[in-house]
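Q: Could you show me how to read helix packing and burial in a model of this kind?

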Amino acid sequence: MTQSTDEEILPVSELARLLSSELQLSSEQVARTLTLLDEGNTIPFIARYRKEVTGSLDEVQIQAIADRAAALRALFERKADVRRLIAAQGKLTPELEAAIMAARTLQEVEDLYLPYRPKRKTRASVAREKGLLPLAELILQQPELPGDPATVLEEQARPVLDPEKGVETALEAYAGARDIVAEIVAEDASVRGAVRALFFQQATVSARPVDPEALAEKDPKGTYRIYYDFHESVERMVPHRVLALNRAEREEVLRVSVTLDYEQARPAITAHYPIKETSPFAAQLAQAIEDGYKRLLAPAMEREVRVELTRKAEEHAIGIFAANLRHLLLQPPLRGYKVLGIDPGYRTGCKLAVVDETGKYLTSDTIYLHQEEKARQTLRRLIGEYDLKVIAIGNGTASRETEQLVAALIRELEEETGRRGEIGYVIVNEAGASVYSASEIARQEFPTLDATQRGTISIARRLQDPLAELVKIDPRALGVGLYQHDVDQKALAEMLERVVVSCVNFAGVELNSASAALLRHVAGINSRVATAIVKYREEHGPFRSREELLKVPGLGPATFTQAAGFLKIANGVEMLDNTFIHPESYAAARALLAMLPDGADGALKPAERVAQFRRLVKLQSTLGRGRRRQSLDGAAIDGEQAAWADIARKIGVGLPTLLDILENLEKPGLDPRDELPPPILRHDVLKLEDLKPGMVLQGTVRNVVDFGAFVDIGVKRDGLVHISELADHYVRDPLAVVAVGQVVQVRVLAVDLQREQIQLSMRGLRATAR
């Protein structure tokens with residue numbers, strides 16, 4: 001809606017007040033954060049470089065403020081819209097306006113607007129046109145009139161009889177009047193609210209086959225067998241069941257319904273429209289209420305419950321997908337290795353591609369599994385020629401046969417050289433490689449290579465730097481979700497884009513090697529600017545400083561402010577350009593460096609100087625030189641914090657910024673992903689038949705779902721760690737225990753060779769790295 005007056009704009013101060021209690025944050029924090037957001041600052045930038053303003057809120061908290069602010073603003077605008085629409089009908093009373101303004105959800109606002117919403121012809125509207133509203137009002141008022149009830153009803157109907165309008169008898173008059181009453185009751189906001197609450201508390205979700213005779217055709221694999229005779233309370237419905245039922249309904253296998261018996265809902269309705277047994281109109285009101293419930297209200301509530309269950313299920317599924325994607329993107333890079341990528345295949349052979357330590361394509365080849373000796377010679381030649389230590393094998397068709405060939409060759413080489421563990425391989429999840437290989441991005445990167453070669457390069461590169469490679473692929477193609485094709489695709493895409501942006505800015509980007517696909521996710525940079533950066537780099541050579549970014553066409557000061565801190569230059573003219581320190585803080589960083597001890601020979605590196613300085617400050621505070629005092633928000637801080645606060649004031653920044661500067665001076669070029677365990681390099685193949693109950697193995701989590709986690713232990717199929725086997729304690733949410741890419745220890749519980757299923761457990765095993 002277009003905001004037409006100042007009164008229709010929700011002030012930031014009022015918005016902050018509403019959000020502060022909801023999000024358990026101070027209204028000042030929220031107001032300052034809202035102002036930053038409204039000024040166009042990105043969430044990664046605010047979270048990292050405006051900590052003094054926000055009180056060190058993290059990305060999750062800032063995103064929550066942004067999302068809820070958008071929702072409340074939309075609610076406020078809809079309230080203004082509804083008030084205007086009802087006022088235009090001349091029906092906006094002070095009481096109704098107050099009720100609209102007091103509404104806390106969009107649903108409450110829509111309930112209040114429903115009786116005034118223009119609608120197509122209904123039974124009630126037809127009855128109104130026939131002049132039956134006065135009779136309907138009598139039914140609603142339930143007057144206690146003397147006389148025989150039948151006679152009274154006949155007398156009261158007489159004034160509205162009109163043969164020309166099709167109302168010839170009292171029976172016809174009361175039928176039409178009941179239609180009006182049914183609609184009035186069904187559209188009453190209070191009634192809808194009460195019945196809605198009952199539906200969510202007491203209604204039952206049921207499913208049955210659309211056509212039992214056609215199940216063999218509609219559901220040949222019995223995918224939905226457990227839902228053929230399904231009954232579950234709405235309260236107990238879990239997300240994956242909701243999405244499964246929705247899919248079965250779309251495929252016309254099942255018919256799903258949500259029901260609540262009228263007798264259960266009747267008291268909630270009659271509490272607002274009481275039936276006076278002493279009134280001659282009692283039976284008329286009772287019939288109208290029952291009809292209104294069954295014909296109008298119950299179907300509307302069924303739709304609302306289905307919509308809300310689906311919304312929550314989709315939100316849950318999208319949340320799991322987002323969490324899995326984050327962990328997948330933030331898997332640690334395997335730095336400093338050339339990699340041989342293998343895309344397995346039978347008929348067309350296994351495609352090979354070698355990339356250097358930076359991911360640059362070197363060469364490619366093809367081997368055929370049925371020509372084992374020739375294939376072995378080709379692999380041996382490539383390993384020797386390029387001094388390869390790491391092999392990445394895609395996990396698609398013929399993956400295990402390729403793994404056996406590679407493992408056998410590694411054993412041969414180890415026996416020949418007498419050195420073990422020099423060469424290793426990794427089974428790489430190749431999900432999305434084919435999507436990338438046919439994309440415009442791939443064609444621009446490798447215009448002279450065919451799609452299979454591009455896909456193989458992607459397999460090799462995603463081991464070297466998962467984030468840089470996977471951002472080129474639609475996240476929905478990466479295979480780390482559940483029911484991702486059954487959820488709102490726009491909402492899914494928006495959430496996954498948020499995750500990608502968050503991960504890219506969390507890890508930082510090397511400006512002189514990043515692709516346009518990676519750069520466009522940096523805070524403040526869009527696709528056009530990302531392309532311009534790459535083009536400038538190609539024309540002028542590597543960037544020597546962050547400041548040089550301002551020479552890129554289309555990249556102005558505002559974009560520079562948002563993006564500069566996340567773009568690193570490893571070998572530039574400015575040491576600070578290889579840190580997360582923002583250029584706006586360079587003067588403070590240099591002032592801090594001037595305060596750091598040089599050491600006896602004056603040759604200490606910045607990291608060593610910071611370490612010495614930290615020890616010095618700690619020692620001074622221990623000796624009492626750092627006084628206990630109050631911070632800006634009035635909270636007491638200890639002596640060491642006070643000492644750092646003094647230093648922060650001297651160099652002209654806040655304490656959070658000072659601490660970030662110190663961390664970055666200690667660890668220039670820091671990539672947070674490097675602190676995680678590297679991928680598992682395997683040296684020998686493990687077959688499904690080799691698995692025995694009780695074996696303890698190391699594996700990598702490939703996917704996390706509601707009911708557990710799938711773990712790659714180096715055999716043909718990933719094993720399932722059921723949620724009940726994830727830990728020694730009760731686990732409500734698998735994501736609280738495991739994450740995609742995590743290296744875990746598992747125990748084999750059972751192996752079903754025929755169905756190729758593996759049951760694993762993590763109970764009783766040591767904690768694993770996250």
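This is a predicted model: local features need pLDDT of at least 70, side-chain atom pairs count only at pLDDT 80 or more; totals for chains, interfaces and linings use all residues.

Q: Which residues of α2 are buried, and what covers them?

A: Burial is judged by relative accessible area, with under 20% counting as buried. In α2 the buried residues are Gln-29, Val-30, Ala-31, Thr-33, Leu-34, Leu-36 and Leu-37, and the elements that cover them include α1 (12-23), α3 (43-49), α4 (51-54) and α5 (59-88).

Q: How should I read the packing of α11 and α16, and at what angle do they pack?

A: The general idea is that two packed helices are described by the angle between their axes and the distance between the axes. Here helix α11 (residues 170-186) packs with helix α16 (residues 282-329) at an angle of about 60 degrees, and their axes are 8 Å apart. The two helices are therefore oblique to each other, and the crossing of α11 and α16 is right-handed. On the α11 side the contact is made by Tyr-174, Arg-178, Asp-179, Val-181, Ala-182, Glu-183, Val-185 and Ala-186, while the α16 residues in it include Leu-285, Ala-288, Ile-289, Asp-291, Arg-295 and Leu-297. By class, the residues of this contact of α11 with α16 divide into ten nonpolar, three polar and five charged.

Q: Where do α7 and α12 meet, and which residues make the contact?

A: Helix α7 (residues 106-113) and helix α12 (residues 189-202) have axes that come within 8 Å and cross at roughly 135 degrees, and α7 and α12 are therefore oblique to each other. Gln-107, Asp-111 and Leu-112 of α7 make the contact with Ala-189, Arg-192, Gly-193 and Arg-196 of α12. The residues of the contact of α7 with α12 divide into two nonpolar, two polar and three charged.

Q: Turning to a loop residue, is Leu-670 buried or exposed?

A: Leu-670 lies in the loop between α30 (655-666) and β13 (696-705), and Leu-670 is buried, with a relative accessible area of 15%. Not counting residues up to four places away in sequence, Leu-670 touches Ala-507, Lys-568, Phe-580, Glu-663 and Glu-675.

How values were computed. Residues are numbered from 1 along each chain as its sequence is written. Side-chain values use heavy atoms; hydrogens and water are left out. Axes are lines fitted to C-alpha atoms, for helices over the stretch in contact, and angles run from 0 to 180 degrees between N-to-C directions. Helices (H or I, at least four residues) and strands (E, at least two) are DSSP runs, numbered from the N terminus. Angles under 35 degrees count as roughly parallel, over 145 as roughly antiparallel, 65 to 115 as roughly perpendicular and the rest as oblique. A crossing is left-handed if the near helix is turned anticlockwise from the far one by less than a right angle, and right-handed if clockwise. Contact means heavy atoms within 4.5 Å. Ala, Val, Leu, Ile, Met, Phe, Trp, Tyr, Cys and Pro count as nonpolar, Asp, Glu, Lys and Arg as charged, and the others, Gly among them, as polar. Buried means under 20% relative accessible area, exposed over 50%, partly exposed in between (1.4 Å probe, protein chains only).
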